[in-house]
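Subject: Handing over the structure

Hello,

I am passing this structure on to you, and I hope you enjoy looking through it. Please open it first, and then read on below.

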Amino acid sequence: MNKTGFTLMEMLVVVTIIGILASIAIPQYQQAVLKSRYVKMMPLVKSLKQAEEEYYLMHREYAYDFNELGFRFNGALGSSTCGSAEGRDRSAAMRGEGFVLRINENDGLPTIDAALMDGTNTLTAYLIYLDHPTGGGMSPWSSTRFCYCYNGCPTKYYKLCASVSGSSAPASGWEGAPRFRFVN
């Protein structure tokens, strides 16, 4: 009588191969998901920057309030928190699903950033400097864009910033967080 089937050794080889493929594929998938979430934030920051620059042209100052800008997110006006926050001169923040969008001013340099969040932890952010610092003139960082990561910059966020910015190494650091300057 002929019995057909797999031997134990053949099964072990197949399971080992599947395990190796999974150990390669799962981190790549997680990195792709993280990158897609990050790239979704970039148009929000760009449209908020445009709204701020238009506001500046009319009022000769930036608005640190989403409602004053009429900035809408998911069809509704964004909620704002204004005043001094986190040691900043002025700021406003609006939470989205898995990220926070902020307008900040640090030492007279206005910025807009969007940061990916995991619960209450900030993971990585997309930052762009606005064109006019407090006190007039043009900012030396005018329209400069950075990707930066927090919390000791775990490897996957370091790789994310290097990937989306096109930089191979951080351009500078800020409060211990590596900053990758966008090359284009």
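Predicted model: local features only at pLDDT ≥ 70, side-chain atom pairs only at ≥ 80, totals over all residues.

Next, look at where α1 meets helix α3, residues 155-165. Their axes come within 10 Å and cross at roughly 55°, which makes α1 oblique to α3. The crossing of these two helices is right-handed. On the α1 side, the residues involved are Gln31, Leu34, Lys35, Tyr38 and Val39. They meet Lys156, Tyr157, Lys159, Leu160, Ser163 and Val164 in α3. Sorted by class, this contact of α1 with α3 has six nonpolar, two polar and three charged residues. If you wonder about the spacing along a helix, an α-helix has 3.6 residues a turn, so residues three or four places apart point the same way.

Which residues does Gln31 contact, leaving aside its neighbours within four places in sequence? They are Lys156, Lys159 and Leu160. Gln31 and Tyr157 are 126 residues apart in sequence, while their C-alpha atoms are 8.7 Å apart in space.

Finally, the aromatic rings: the structure holds five aromatic pairs. One of them joins Tyr38 and Tyr126, and because their ring planes stand at 80°, with the centres 6.1 Å apart, the pair is edge-to-face. Tyr38 belongs to helix α1 and Tyr126 to strand β6 (residues 121-129), so this pair ties together parts that are 88 residues apart in sequence. Tyr38 is also among the α1 residues that meet α3.

Best wishes

Methods
Residues numbered from 1 in each chain as written. Heavy atoms only, no water. Axes fitted to C-alpha atoms, helices over the stretch in contact; angles between N-to-C directions. Helix = DSSP H or I, 4+ residues; strand = E, 2+ residues; numbered from the N terminus. Parallel < 35°, antiparallel > 145°, perpendicular 65-115°, else oblique. Left-handed = near helix turned anticlockwise from the far one by under 90°. Contact = heavy atoms within 4.5 Å. Nonpolar A, V, L, I, M, F, W, Y, C, P; charged D, E, K, R; others polar. Phe/Tyr/Trp six-rings, centres within 6.5 Å; stacked < 30°, edge-to-face > 60°.
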